[in-house]
Amino acid sequence: MTLETTHLQQPGSKTELFIAFTLLALQGVGGVLTVAQRELVERRKWMTNQQFVEEWSVAQVMPGPNVVNLGLMLGGKYFGMAGAAAAVSGLLIAPLILVLGLAILFGGVSDNPMAQGALKGMGAVSAGLIIATGIKLSSSLRQNPMGLGTAWLLALAAFVMVGILRLPLAWALLGLGLLGCGLAFRALSQTKSKEKNS
Amino acid sequence: MIHAITLTPYDWLDLFTHFALLSLLSVGGTITAAPEMHRFLVDEKHWLSDASFSSSIALAQSSPGPNVLFVALIGWHIGLNAGGGLGGGILAWSLGMLGILITMTGIMLPSSVLTYVATKWAHDNRNFLSVRSFKSGMAPLVIGLLVSTGWVLLGAHNNITQDWRLWLLAGGAVIMILRTSVHILWLMAAGAAFGALGWL
C-alpha cells in the first residue's frame with residue numbers, strides 16, 4: 001500500500017473537484033459505482049483501490065445518496081466544507097438540468113398513449129434494475145458476522161414490513177435496525193473476545 | 001393528466017420536514033425511501049398521481065447522474081400540480097422550481113451534514129467495533145428495502161390479469177442485469193419500445 005500511496009495525486013483546486021465530479025455524474029446511468037472507481041482510482045489516481053472500497057462502504061452506510069456521500073467525504077478531505085460543496089454541486093447541477101429537460105419534454109407528450117406506454121415499460125425495467133441490485137448485494141450477506149440465516153431473516157422482515165405491509169419506513173429502520181446492529185455488535189464482540197482468548 | 005391540487009404554506013413546510021426526516025432514514029441510498037414517499041405523497045396526501053411518481057423514478061434512472069434526482073422530479077411535479085400543470089404558465093413553472101428546491105434541500109441537507117460531521121468524527125476516533133456493527137447490522141435492511149422499492153413500483157397497479165406483462169418485463173430486466181453485462185440504457189430502450197408498441 002505504501003508503494004501505491006506514493007503514486008497518489010491530489011485535486012489541485014475546488015474547480016478541479018467540481019469538474020471531476022460533474023464528468024463522473026454525467027457518465028453514470030443507473031450505476032455510478034463503476035464509473036466512480038474508474039474516474040477516481042484509475043484515471044485521476046486520487047485514491048487507491050483499497051481506500052476506494054473503504055470509503056465507499058462508509059458512504060453506503062451513512063444516510064443519503066452513496067455517491068453524494070463519497071463526494072462529501074473526498075471533497076472534505078482535501079478542501080474542507082468548501083471542497084465538499086464543490087464535489088456535491090458538481091454531482092448534482094448538470095444532471096439536474098438534464099433530467100429536468102427530459103421531464104419537461106415528456107410532460108409535453110404525456111397524454112400520448114405511445115409516450116405513456118414507453119414510460120410504463122421504462123418503469124417496469126427500472127423496478128427490475130432496483131430488485132437486481134438488491135439481489136446482487138445480497139451475496140455480501142454471506143460474510144455478515146450475524147450469520148447468513150439471521151441476515152436473510154432481517155432482509156426478509158424488512159421486505160415484508162415495507163414492501164408487502166406498506167408500513168412506514170421509520171418503523172422498520174428503528175425496529176429492525178436496532179435489532180440488526182445489536183445482533184451484529186454481539187457477534188463481533190464474541191469473535192473479538194475469542195481471538196483474545198486463543 | 002392534470003392533477004390539480006392546492007398547497008398552503010403549511011403543506012410546503014410539511015413536505016420539507018417529511019423529506020428532511022426521510023433524508024436521515026435513507027440508509028443505502030435515497031431510493032430505499034421511495035416506498036415511504038409513495039405512501040405519503042400518493043396514498044396519504046394525493047399530491048401526486050401514481051403515474052407521475054413512477055415516471056419520476058423511471059426518468060431519473062434512465063438519465064445520467066445520481067438516482068437522488070428522482071426527488072427533484074417529484075418536487076417539480078408537485079409544484080406543477082399546485083400551479084395547474086405545464087400549461088399553467090409562469091406560476092406553474094415557479095412552483096415547480098420551488099418544489100425542486102424544497103424536496104432537494106429537504107432530502108440532501110440533513111444527511112449531508114450528518115455524513116460530513118460523522119465521517120470526520122469516525123476518521124478521528126476510528127471506533128471500529130461500533131462502526132462495524134452498524135455496517136453489518138444495517139446491510140440486510142438495505143437489501144430488503146431495495147427489493148421492497150422494486151416491488152412497490154411494480155405492484156402499484158394491483159391488477160395481476162392486466163399487469164403480468166409488466167412483471168414479465170421486470171423479471172427479464174432482473175435476469176439480464178444479473179446474467180449479462182448489457183448496458184442499462186439498452187434495457188431502458190427495450191422497455192420503452194415494448195411500451196410504445198402497446199405490448200404492456
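So, α7(A) and α8(A): in this predicted model, their axes come within 10 Å and cross at roughly 170 degrees. Angles over 145 count as roughly antiparallel, so that's what we call α7(A) relative to α8(A). On the α7(A) side, the contact is made by A:T150, A:L154, A:A157, A:A158, A:M161 and A:V162. Facing them from α8(A) you've got A:L169, A:W171, A:A172, A:L176, A:G180 and A:L183. If you sort that contact by class, you get ten nonpolar residues, two polar and no charged.

Okay, how far do we trust this? Helix α7 of chain A, residues 148-164, is where confidence in the chain is highest, at a mean of 92. Confidence is lowest in helix α1 of chain A, residues 2-6, at 50. Chain A as a whole averages a pLDDT of 84, with 91% of the residues scoring at least 70. For chain B the average is 86, and 94% of the residues score at least 70.

Now, the two chains together. The predictor gives the complex an ipTM of 0.76 and a pTM of 0.75. The contact takes 90 residues from chain A and 83 from chain B.

Conventions
Residues are numbered from 1 along each chain as its sequence is written. Chains are lettered from A and ligands numbered from 1 in the order in which they are written. This is a predicted model: local features need pLDDT of at least 70, side-chain atom pairs count only at pLDDT 80 or more; totals for chains, interfaces and linings use all residues. pLDDT is the predictor's confidence in each residue, from 0 to 100. Helices (H or I, at least four residues) and strands (E, at least two) are DSSP runs, numbered from the N terminus. Two residues are in contact if their C-beta atoms, placed from the backbone, lie within 7 Å. Axes are lines fitted to C-alpha atoms, for helices over the stretch in contact, and angles run from 0 to 180 degrees between N-to-C directions. Angles under 35 degrees count as roughly parallel, over 145 as roughly antiparallel, 65 to 115 as roughly perpendicular and the rest as oblique. Ala, Val, Leu, Ile, Met, Phe, Trp, Tyr, Cys and Pro count as nonpolar, Asp, Glu, Lys and Arg as charged, and the others, Gly among them, as polar.
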